[in-house]
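Work through these exercises with the sequence and the model side by side. Try each task before you read its solution.

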Amino acid sequence: MKNGMRKAMVIMYITIILGNVISLVYTPFMLTKLGKSEYGLFSLVNSIVAYIYLLDLGFGNAVIRYNSKYMVEKNEDGRKKVNGMFLSLYLILSLISMVIGTIIYFNLGRVMSKSLSVHEVMLTKSMFMVAIVNIALSFPLSIFNSIITAHEKFVYIKLLNLLRTIMNPAIMIMILLFGYRAFGMVIGSTVFNLLLGLVNVFYCFKILKLKIKLGAFDKVLFKQIFNYSFFVFLGAIAYQIYWNTDQFIIAMFVGAAPIAIYAVATQFNTYFISLSNVLSSMFLPKLTKMVTVEANKKDLMKLLIKVGRIQYYICSYIFVGFVLVGKQFIVHWVGNGYSYCYLIAIVLMFPQIFSIIQSLFATMLEAMNMHRVKAYIYLSVAILNVVLSILLVKKYGGMGCAIGTAIGMVINAVANNIYYKYVIKLDIKAFWLQMLKLVIPTTISFIAGFFALRLFSLTSYGSILMFGGLFTIIYFIVFWVLAFNKYEKNIFTTAVRSVKIRH
């Protein structure tokens, strides 16, 4: 693993952990200031906005892929043309997003009037109007972040994300303290995102010496890009259906307050995904270059297993820890009224384990331009999820939506593995045999953690933190003895040596 990527991983974990800690402190404060209803509406607006971001059409990944490809081929003229084409496309998408956003704005009241009050509808529309401006500005600026990623400048990207993680909630807290509530938060977020986007523009032109050739619209190249991006886009649609439709369904059939409860549960699921998917998020440039020089399937499989095992360690540690003390933490964090979030979060998190440990497979398919079938599978299962959620929400509320989502995720994992084995011709049996070896140490860690709970009353954050420290030691010892291979042990010992040398 390259030194730059290793540093970027460290920064990314610091960012994620710090971000989660800030969020855990910030969310109760925000709930207190806004109340369940307004917080639910704020979450609802973010869910709707996420759908409009789908207009990206997967071009972000295409920017990374084609820049990486042309860098390997040393085709500078091709890079200038493709980046000029992408910038033009993003400007067009910006205008389209404004039109679609305006149409949604004038229809929000009609759709939500049955479950929301007149005041709630007006507040939702006000926040959404500002959010649309944010989206329109974000599209043309997003290309520069993708270009930086293609250059594998991960340290810069992660440092900027660290800044975002610290400053964004700080700005939101200041806005709430001045009494501007949810509407002010949306305005503050828009201004802050614009400033960070301009920083990326400066970095691209001044540091990377980026050159863009506008007006060179290559129809053949555009067709290739569209064919690639369209199926990334379908996958993105499916993702949004999975993680943002549930709140919309709850708003339509139940009301504003239950959205807040479900939003807190999905927040833990978001923490889970973000902490577990650090590695796969940085491998698209590397995999694209491997595919460009035609690396064989065995080399790809070694990388997939290597990353899959590490991601299993991370996600199993988080999941088992949450199962053991998640309920007590939620009660201390946001109160007894949210204790039901614990069960919803577990239902959402468990099937994610299968996707997390195979997340690099999806990145590999994009690098190979063979992600079409996976997108069809994901979209089909996502539609099934919506149907199940609508059927179950009327009787079981938020838990009904969670069950529908979990069923869809299991079906999606099974279908994808059939595709990997019989179409892509990957050694899936070898992959899962490696993963199954890790189930026994996970079970031992859970049992040991369960009995260790008897030593703690868990009546405060301090006692929960102390248990977390003890469980971390238990987990590490069990996996060091029973699971870690030489490569994985070497990662840890190398990191320890480097820390000692610096001190």
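The exercises below go from overall fold to surface, charge and cysteines.

This is a predicted model, in which local features need pLDDT of at least 70, side-chain atom pairs count only at pLDDT 80 or more, and totals for chains, interfaces and linings use all residues. Residues are numbered from 1 along each chain as its sequence is written, and side-chain values use heavy atoms, with hydrogens and water left out.

**Exercise 1. Describe the secondary structure of the chain.**
Take DSSP runs: helices are H or I of at least four residues, strands are E of at least two. The chain gives 20 helices and zero strands.

**Exercise 2. Find what share of contacts joins residues at least 24 apart.**
Count contacts (heavy atoms within 4.5 Å). Keep pairs at least 6 apart in sequence. Of these, 84% join residues at least 24 apart.

**Exercise 3. Are Cys204 and Cys315 buried or exposed?**
Apply the cut-offs: buried is under 20% relative accessible area, exposed over 50%, partly exposed in between (1.4 Å probe, protein chains only). Cys204 has 0%, so Cys204 is buried. Cys315 also has 0% and is buried. Across the chain, buried residues make up 54% of the 503. Finally, look for disulfides (cysteine sulfur atoms within 2.5 Å): the structure holds zero.

**Exercise 4. Count the charged side chains.**
Lys and Arg are positive, Asp and Glu negative; His and chain ends are not counted. The chain has 46 positive and 14 negative side chains.

Technical notes
Charge placed at Lys NZ, Arg CZ, Asp CG, Glu CD.
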